[in-house]
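This briefing is for a reader who is new to the structure shown below. Please look over the sequence and the model before reading on.

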Amino acid sequence: MKARIAVLPGDGIGPEVVTEAVRCLEAVASKYGHGFELPQAPVGAAAMDLTGEPLPAATLELARSADAVLFGAIGDPRYSDPSLKVRPEQSILGLRRELGLYANLRPAVTHPAVYHASPLKPELLAGVDILVVRELTGGIYFGEKTRSEESASDLCAYTAAEIERIVRLAGRLAASRRGRLTSVDKANVLETSRLWRRVVDRVMAAEFPQVSVEHMFIDAATMHVLRRPADFDVIVTENMFGDILTDEISMLPGSLGLCPSASLGEGTRGLYEPIHGSAPDIAGRGIANPCGTILSAAMLLRHSLGLKREAAALEAAVARTLADGVCTGDVAKPGAKAATTAEVGAAVVARLA
Ligand code: IPM
Ligand code: MG
């Protein structure tokens with residue numbers, strides 16, 4: 001098949017990890033006879049330096065015209081003052097909003113070869129396969145904001161329609177997996193959570209009676225995902241709870257650097273990015289873990305291009321690379337020699353062939 005994939009490397013380690021994911025996509029294309037066009041554009045601080053804007057119109061246009069977007073990371077210490085008017089983060093938030101990407105899929109799967117990298121005991125890690133479905137274009141992130149010298153506010157608002165569409169997607173995913181859905185909220189305190197809970201019950205009873213549903217408060221959820229992670233299948237939650245919970249859950253596979261994500265909207269176009277940030281402290285040294293971005297590229301093949309076999313092959317190649325001990329420092333065995341970003345990318349490509 002022919003596909004156009006917009007590549008937005010961004011800042012910090014973004015370009016390094018994206019380079020390896022692009023190499024993997026090119027290897028998939030040549031192995032399976034596809035033609036991928038991979039035009040690049042600046043985003044984040046890199047775009048601010050060139051144009052003054054974190055999300056230039058040309059970058060947004062490229063993303064709109066593509067079948068899928070592969071995104072690296074954004075953020076730069078030069079623009080880290082949270083009170084700046086123009087900030088790199090506005091680029092990813094703008095892309096999510098402008099492309100209508102309301103659903104963020106963040107899987108966390110453990111690999112026995114890197115159990116040692118997780119702060120959790122190995123016996124808790126066996127069989128962990130969690131998929132967090134985070135609402136991505138509503139809630140406190142996008143509600144009305146006010147700020148004066150002496151007060152500030154961020155409105156958290158949800159409509160039933162916004163909740164319905166994310167719950168429906170989570171229900172469909174749970175039905176195709178182990179049939180369990182955990183909805184995370186704070187219904188003992190928040191009105192948005194009370195609405196959330198009602199909509200979850202309504203949609204799930206009407207459309208997915210075969211899926212078992214449980215509700216959990218966010219504070220309890222942060223504890224249970226560490227105490228008994230293997231019990232969870234699909235977790236659905238609102239924007240900010242999902243932001244926090246997915247960073248926590250990324251510690252189960254052993255490193256933020258292993259975790260991919262997909263951001264989806266109504267059609268098949270999606271944006272795919274590792275869940276880690278730009279990591280300026282290690283940028284430019286060739287030591288960043290490219291696996292999260294490569295696994296994001298696998299999600300791109302599956303969700304936007306419908307290439308299930310290719311996605312599974314790329315995921316299997318990453319798993320074999322880890323099993324063979326070709327690992328960057330964040331997940332390397334104590335005392336073992338760490339591989340570089342490019343060596344890990346090359347090892348994945350070799351295992352794909
Ligand atoms: C994420 C990030 C973003 C978010 C930031 C960079 C705006 O933390 O993708 O999880 O909060 O959504
Ligand atoms: Mg986050």
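Predicted model: local features only at pLDDT ≥ 70, side-chain atom pairs only at ≥ 80, totals over all residues.

How many Å separate an oxygen atom of ligand 1 from an N or O atom in the side chain of arginine 106? The distance between the arginine 106 side-chain atom and the ligand 1 oxygen is 2.9 Å.

**Surroundings of ligand 1**

- The residues around ligand 1 are Glu89, Arg96, Arg106, Arg134, Tyr141 and Asp243.
- Sorted by class, this shell holds 5 charged residues and 1 nonpolar residue, with no polar ones.
- The largest pocket is where ligand 1 sits.

**Polar atoms close to ligand 1**

- In tyrosine 141, a polar side-chain atom is 2.5 Å from an oxygen atom of ligand 1.
- For arginine 134, a polar atom of the side chain is found 2.9 Å from an oxygen atom of ligand 1.
- On its own, ligand 1 has 320 Å² of accessible area, and the protein covers 75% of that.

**Salt bridges**

- Side chains of opposite charge can pair when their charged atoms come close.
- The count of salt bridges in the model is 24.
- A salt bridge joins the side chains of arginine 4 and glutamate 37, with 2.8 Å from N to O.
- This pair links distant parts of the chain, 33 residues apart.
- Arginine 4 belongs to strand 1 (residues 2-10), while glutamate 37 belongs to strand 2 (residues 35-37).

Definitions and conventions: Residues numbered from 1 in each chain as written. Chains lettered and ligands numbered in written order. Heavy atoms only, no water. Near = heavy atom within 4 Å. Polar contact = N/O pair within 3.5 Å; in protein donor to acceptor, adjacent residues only side chain to side chain. Areas by Shrake-Rupley, 256 points an atom, 1.4 Å probe, with all protein chains shown as cover. 1 Å grid on protein atoms, 1.4 Å probe; cavity = no way out; pocket = protein on both sides within 12 Å on 5 of 7 lines; lining within 4 Å. Sits in = over half its atoms within 2 Å of the grid points. Nonpolar A, V, L, I, M, F, W, Y, C, P; charged D, E, K, R; others polar. Salt bridge = Lys/Arg side-chain N within 4 Å of Asp/Glu carboxyl O. Helix = DSSP H or I, 4+ residues; strand = E, 2+ residues; numbered from the N terminus.
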